[in-house]
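Subject: Structure for your attention, with notes

Dear colleague,

I am handing over the structure below, and would be grateful if you could look through it. My notes on what was found in it follow directly after.

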Number of protein chains: 2
Amino acid sequence: MATVHLIGAGPGAADLITVRGMRLLQQADAVLYDALVQPEMLAYCPQAVLIDVGKRCAKASTAQRFINKMLIDAARKYPRVVRLKGGDPMLFGRAQEELDALAEAGITAEIVPGITAALAASADAGISLTSRGLARNVLFATARVGEGEHASDWVKPVLAADTAVLYMGVKQSAAIAQALLEGGMASNTPILIVENASLPNSREWAMTLAELPQAASWELVGPAILMIGEVYRPALAQTEQRRAVA
Amino acid sequence: MATVHLIGAGPGAADLITVRGMRLLQQADAVLYDALVQPEMLAYCPQAVLIDVGKRCAKASTAQRFINKMLIDAARKYPRVVRLKGGDPMLFGRAQEELDALAEAGITAEIVPGITAALAASADAGISLTSRGLARNVLFATARVGEGEHASDWVKPVLAADTAVLYMGVKQSAAIAQALLEGGMASNTPILIVENASLPNSREWAMTLAELPQAASWELVGPAILMIGEVYRPALAQTEQRRAVA
């Protein structure tokens, strides 16, 4: 029985995968990849059967069962199978569901970590998530806005952290801003939005929490994260200076 | 004037640096590296002048000024300078101080992200930091225990997060456990300690918060992180099962 390698592809740029991840791709017989994986990264494995298991067009839960089945089928058919996931598999990667399915099928899984978007965005922006005297901790979260019992569970940890990064939240910017303001976050709290971290078409915007709702109407072409905290104050000041000059 | 590349070496294993990081090492004229960087990683740059700027033996603040100076001197002397830091530069890497010093000296810096220890430890353990329905956010923090106005600032964000990872805290396990229990964390909260994540001599231990103080007396040989949250409940159950059998 094969070992499946669950590999973090990283934030997007083909050379921000790990050396181990690249080498395993180069040796793979079959590669199952996500919608977030850039085509350039698949150039590492021209020899492999490529299986697109992107979730963009299907209901998430159905899609996950389908991916689990595809993964198990591939592991029974090919000796070297890679499951390539955008970012890091263990952080918002829903790897646990695939790991559990593989374990139930008696298939060994090995995990290769990947660069998560927040780290790539921080490198792009040149701003540390933590900074001596200013930010000693950082929270990575997803903001679930809407109805239901747990709809605002994300607010308290975001308020408690020095720096917070919200994955996949920009479309809900208005609701996010409202929840944070109601929770007591200062309206002039600096926010940095980074789209397509690490890619040539990467973009970033600094703004205050009060200005955040405007982002809900932006036409973003790629994944974006929302970074919140005092470490972004100098970036905000630069943006405001540019506006004053213009 | 040179561009300095500030590169995250990742958690330790030489092949868990990014492909971009490896390629820049292969082309470097001078490499300034940390105490956390493994010797195997320096095999990527046999052509480079190697400068050890490990901080283990000096006072942190003096050492940082010294590193800043070494970095600027190297950038003035060599065309391709790499500053190689354990983990990711933007997360507990104190990169901001080096970036600010370089900017003041008029030297361009480019940052290459690295795999942070928490992601490598999660891959080693096969346990996701986030998990549907169980953990929707994760906090990365350092636990400053002891005297002073801000001594317990880390407690509240740890309590608010679903999963929390404390970097560099194992020696203070007793004080950490006391602070979390006083803050209201349940004494049976599962904890996973991972030492030397990604390295061949990696070790991990699962325990409850009540049992955490014992870790303070352990003889650890490498960097260790402390991971807290319900996602580690199955790992804890396995440990308790093994104990019951033994």
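A:Gln96 counts as buried, because its relative accessibility is 16% and buried means under 20% relative accessible area, with exposed meaning over 50% and partly exposed lying in between (1.4 Å probe, protein chains only). This residue is found in helix α3 of chain A, which covers residues 95-104, where helices (H or I, at least four residues) and strands (E, at least two) are DSSP runs numbered from the N terminus. Leaving aside residues up to four places away in sequence, A:Gln96 touches B:Gly126, B:Ile127, B:Ser128 and B:Ser131, a contact being heavy atoms within 4.5 Å.

Please keep in mind that this is a predicted model, in which local features need pLDDT of at least 70 and side-chain atom pairs count only at pLDDT 80 or more, while totals for chains, interfaces and linings use all residues. Residues are numbered from 1 along each chain as its sequence is written, chains are lettered from A and ligands numbered from 1 in the order in which they are written, and side-chain values use heavy atoms, with hydrogens and water left out.

On the side of chain B, B:Gly126 follows helix α4 and has a positive phi, near 70°. The buried residues of that helix (residues 117-125) are B:Ala118, B:Leu119, B:Ala120, B:Ala121, B:Ser122 and B:Ala123, and what covers them includes β5 (108-112) of chain A as well as β6 (137-142), β7 (163-167), β8 (190-195) and β10 (224-229) of chain B. Further along chain B, B:Thr239 lies in helix α7 (residues 233-245) and is buried, with a relative accessible area of 12%. The C-alpha atoms of B:Thr239 and B:Ala206 are separated by 6.4 Å, although these residues are 33 residues apart along the chain.

Two backbone angles in chain A deserve a look. Most residues other than glycine have a negative phi, and most peptide bonds are trans. A:Arg94, however, has a positive phi near 50°; its place is in the loop between β4 (80-86) and α3 of chain A, and A:Arg94 is partly exposed, with a relative accessible area of 22%. A:Asn196 likewise has a positive phi, near 55°, and lies in the loop between β8 (190-195) and β9 (203-208) of chain A, but A:Asn196 is buried, at a relative accessible area of 6%.

As for chain A as a whole, its secondary structure comes to seven helices and ten strands. Its radius of gyration is 20 Å, close to the 18 Å that the globule rule gives for 246 residues, so chain A is as compact as a globular protein of that length; the radius is taken over C-alpha atoms, and the rule is 2.2 Å times the number of residues to the power 0.38. Of these 246 residues, 57% count as buried, and 69% of the contacts with a separation of 6 or more are between residues 24 or more positions apart.

The domain assignment, which is automatic or from a database, gives domain 1 (3-112) and domain 2 (117-245) of chain A. Their centres, taken over C-alpha atoms, are separated by 29 Å, and eight residues of domain 1 are in contact with ten residues of domain 2.
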